[in-house]
Amino acid sequence: FIQLTGSLSRMTSMWTQQMAGTDRQYIQQALYDITEDDFSDEWNDFYGGGGLRDLRAIQEQATEANDLVYRGIAQAWEGLVMGMAASIWGDIPYSEAVAGVDQPALDPQLQVYDSVQAVLDRAIADLTAAQGTGPGPSDFVYGGDPQLWLGLAHTLKARFYLHTAEVTPGNYALALAEAQLGIADSAGDFKSVHSESATEANIWHQFFRDRDSYMRAGKTLVDTMVARNDPRLSNYFRTNQAGEFEGAEQGEPQTATHSLPSVLRLNPAYSQPLVTWSENQLILAEAAAQTGNDALARQSLNAVRAGAGLGPIGTSGGQLIHDIMIEKWITLFQNIEAYNDYKRTCVPNLAPAGTATEIPGRPFYAFSERNTNPNIPAPEAQAARNPNDPPNATTPTGQQCIGQ
């Protein structure tokens, strides 16, 4: 949960202008001034304790016990963890990772995604077989229910097919097929699990508890939601002393007029949405629109809008894709996936912060990895964008993409 809702989530929320950096090093990060040491802990945790190493150990033990449910759940977790790592850093160690290789090679990003699809296929096969008792209540998210994990695995396959569709357009059809098998309703939402205990609290709560001044609501998101009278505003943010929602510009020092995240979102026990029915519907909508089925795309988009208390949209073509991605940007508040969507589509068409001419396409690899693995290039030799995220010249509606 820290990997998916911690520092990387905060960085991407600033770079997609959902939140704004307003104090100390978060002003620097909001203006894209980052170092290769900023996300070393997150990088290490994708592989180390709680990451790929432990997930593989669970799979080995589940195989020995002939517990396919338990193995399938661990495989679904592996797909989520490694797919998101590839979405952030691009080429990453995977085939040689946690396999006794001291200096694992970087696998090409597309190869990693292929491997992630394969592990999710194995998860689906194991969960469909439904053999074994699984983790039961030790699974805090789904209580060991293989059907809920099946829905998640299909939604993850759809998510990662979209990650590669910009360079492999045939993957829109694959994403559509998987989304139709994905999370069926909000009861299947995959969320983080927290408690009132200080060390188990919602990660955003822990951050604001200790660093209250560092971030405020992002002006771009607040202004967009105010303009459309979006009912989710009070779910995301609290009003200032004047009773108004006000966002900060990136790098603007915080003031009393800037909105904080809502009391709900900073509740210690708040469960952060990570992969949800709403995302699945919007994946389905985008994939349908990209494959020429505007009617299905509108149906899925409007289902999410209705759930948020908004009226239907009747657009088509490029405007429909734009409307879907705007809805997804708002829906995926605080979710790393909003950054991946922006990179793929240039929606919303964000103006870079400060004096920058581009929004970064990726962070640096962790210094802790480069210090011990000569396969990691120096920061100045690293690509500005990942291979599967070529910059967009235009938005879906044909406007110039100003941030890439």
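How many residues of the lining of the largest pocket are nonpolar, how many polar and how many charged? I began my notes with that question, and then went on to a helix and a disulfide.

**Ground rules.** I am working from a predicted model, in which local features need pLDDT of at least 70 and side-chain atom pairs count only at pLDDT 80 or more, while totals for chains, interfaces and linings use all residues. I number residues from 1 along each chain as its sequence is written, and side-chain values use heavy atoms, with hydrogens and water left out.

**Largest pocket.** I looked up the lining and found 17 nonpolar, eight polar and four charged residues, where Ala, Val, Leu, Ile, Met, Phe, Trp, Tyr, Cys and Pro count as nonpolar, Asp, Glu, Lys and Arg as charged, and the others, Gly among them, as polar. A pocket here is an open set of points on a 1 Å grid over the protein atoms alone, where a 1.4 Å probe fits, with protein on both sides within 12 Å along at least five of seven lines, and lining residues have an atom within 4 Å of a point. The space in the largest pocket is about 760 Å³, a volume being the space filled by probe spheres set on the points, which are joined across faces, edges and corners. Of its 29 lining residues, Phe-1, Gly-50, Trp-77, Phe-140 and Val-141 are the closest to the centre. Helix α6 (68-89) gives the most to this lining, five residues; helices are DSSP runs of H or I with at least four residues, strands are runs of E with at least two, and both are numbered from the N terminus.

**Helix α10.** This helix is among those that supply at least two residues to the lining of the largest pocket, so I looked at α10 (residues 203-210) next, and found Ile-203, Trp-204, His-205, Phe-207 and Phe-208 buried, meaning under 20% relative accessible area with a 1.4 Å probe, protein chains only. Their cover includes α1 (2-5), α2 (7-15), β1 (19-21), α3 (25-30) and β3 (215-217). At the start of α10, a side-chain oxygen of Asn-202 comes to within 3.1 Å of the backbone nitrogen of Trp-204.

**Disulfide.** I found one disulfide in the structure, a disulfide being a pair of cysteine sulfur atoms within 2.5 Å. Cys-346 and Cys-401 form this link, with their sulfur atoms 2.1 Å apart. Cys-346 sits in the loop between α16 (337-345) and α17 (367-370), and Cys-401 in the segment after α17, 55 residues apart. Both cysteines, Cys-346 and Cys-401, are buried.

Conventions
Buried means under 20% relative accessible area, exposed over 50%, partly exposed in between (1.4 Å probe, protein chains only). Contact means heavy atoms within 4.5 Å. A polar contact is a pair of N or O atoms within 3.5 Å; within protein, one must be able to donate a hydrogen and the other to accept it, and residues adjacent in sequence count only if both atoms are side-chain atoms.
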